[in-house]
Amino acid sequence: MAVARARMHELLKLQASLFNHSFNPSNARTGNSVLRERLIGPAVASYYPKRPVSIKDIVRMFPEWETFDEAEAERIDNIAILKARGKGPPKKKRTKEESKKNKGKKK
Amino acid sequence: MGLNSKSECSRRRQHLKLMETRRENRNIHDNQRRQLAAKYELKHKLFKAFLRDPALPAEAREQMQLKLAKLPRNSSFTRIRNRCIFTGRPRGVYQLFRMSRIVFRELASRGALNGIKKASW
């Protein structure tokens with residue numbers, strides 16, 4: 001049983017409106033094919049496993065807790081000793097002339 | 001002679017360690033790219049869809065092309081490389097297991113991967 005072409009056309013149109021498809025009988029080029037693709041962003045972004053939680057992370061999460069970091073304390077102590085001996089970092093140069101002063105010269 | 005070979009050995013070990021660190025850094029870089037790609041995915045798609053639509057005036061489409069090109073380069077999916085999550089090896093990585101063939105073989109033969117068994121018939 002042959003169905004009229006116009007009737008078929010109507011049916012397809014209705015089908016598209018019902019199922020939220022785009023109705024494009026002339027097969028015109030639209031950007032739909034790009035929009036129809038599934039989003040892969042979340043899957044791609046979660047490729048690498050998360051870092052395991054370390055003690056450092058916990059300390060950072062609760063800054064109000066009193067904790068003691070031995071390595072950090074030692075580092076600060078060492079810096080204080082160096083500074084007392086006059087071996088600390090040089091002062092930040094504020095102007096251009098100051099920063100140019102010692103350039104190119106070897107001491 | 002003995003001393004010499006020892007220092008050679010330690011140097012090689014140091015070199016290997018350096019390589020490992022570099023590979024880890026590559027993984028970190030790749031992860032950043034992945035985050036960026038996920039962030040800009042919708043924008044990429046939108047601009048591309050407008051660009052593909054010939055019903056729009058040429059000027060508007062050109063503008064969309066410009067916008068697409070203005071997005072960060074690292075937000076493109078083609079820049080992403082599947083790397084081994086353990087060693088950072090860029091080649092010979094099984095997508096399903098996200099690890100290189102070497103790590104996979106090691107773990108599989110140790111029985112650390114569920115359902116993986118050495119074939120034998």
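Colleague: By about what are A:Glu10 and A:Arg7 separated in helix α1 (residues 5-18) of chain A?
Modeller: This is a predicted model, in which local features need pLDDT of at least 70 and side-chain atom pairs count only at pLDDT 80 or more, while totals for chains, interfaces and linings use all residues. Residues are numbered from 1 along each chain as its sequence is written, chains are lettered from A and ligands numbered from 1 in the order in which they are written, and side-chain values use heavy atoms, with hydrogens and water left out. Helices are DSSP runs (H or I, at least four residues), numbered from the N terminus. Since A:Glu10 and A:Arg7 are 3 residues apart in helix α1, their separation is about one helical turn.

Colleague: How far apart are the closest N and O atoms of A:Glu10 and A:Arg7?
Modeller: Both A:Glu10 and A:Arg7 are exposed (over 50% relative accessible area; under 20% is buried, partly exposed is in between, with a 1.4 Å probe and protein chains only). The two form a salt bridge, that is, a side-chain nitrogen of Lys or Arg lies within 4 Å of a carboxyl oxygen of Asp or Glu. The closest N and O atoms of A:Glu10 and A:Arg7 are apart by 3.6 Å.

Colleague: Is A:Asp57 buried or exposed?
Modeller: A:Asp57 meets A:Arg60 in a salt bridge, at 3.8 Å from N to O, and the two are 3 residues apart in helix α4 (residues 55-61) of chain A. A:Arg60 counts as exposed at 59% relative accessibility. The relative accessible area of A:Asp57 is 15%, so A:Asp57 is buried.

Colleague: In which helix of chain B do B:Glu106 and B:Arg110 lie?
Modeller: The side chains of B:Glu106 and B:Arg110 meet in a salt bridge of 3.9 Å, N to O. B:Glu106 is partly exposed at 47%, whereas B:Arg110 is exposed at 59%. They lie 4 residues apart, about one turn, in helix α3 (residues 101-110).

Colleague: Which residue of chain A forms a salt bridge with B:Lys45?
Modeller: Over all chains the count comes to 6 salt bridges, and between chain B and chain A it is 1. In the bridge of B:Lys45, the closest N and O atoms are 3.8 Å apart. The partner of B:Lys45 is A:Glu37.

Colleague: What area do chain B and chain A bury between them?
Modeller: Contact, meaning heavy atoms within 4.5 Å, joins 23 residues of chain B to 18 residues of chain A. B:Arg34, B:Lys45 and B:Arg52 supply 33% of the area on the chain B side, more than any other three residues. Buried area is the accessible area (1.4 Å probe) that two parts lose on being put together, summed over both. Carbon and sulfur atoms hold 62% of the total, which is about 1800 Å².

Colleague: How many salt bridges does the rule find across the interface of domain 1 and domain 2 of chain B?
Modeller: The assignment, automatic or from a database, gives domain 1 (2-81) and domain 2 (82-121) in chain B. These domains bury about 690 Å², of which carbon and sulfur atoms give 39%. The rule finds 4 residue pairs in polar contact across this interface. The number of salt bridges found there is 0.

Colleague: What phi does A:Asn27 have?
Modeller: Most residues other than glycine have a negative phi. A:Asn20, in the loop between α1 and α2 (32-36) of chain A, has a positive phi of about 60°. A:Asn27 lies in the loop between α1 and α2 of chain A and is exposed at 67%. Although A:Asn27 is not a glycine, its phi is positive, at about 55°.

Key:
A polar contact is a pair of N or O atoms within 3.5 Å; within protein, one must be able to donate a hydrogen and the other to accept it, and residues adjacent in sequence count only if both atoms are side-chain atoms.
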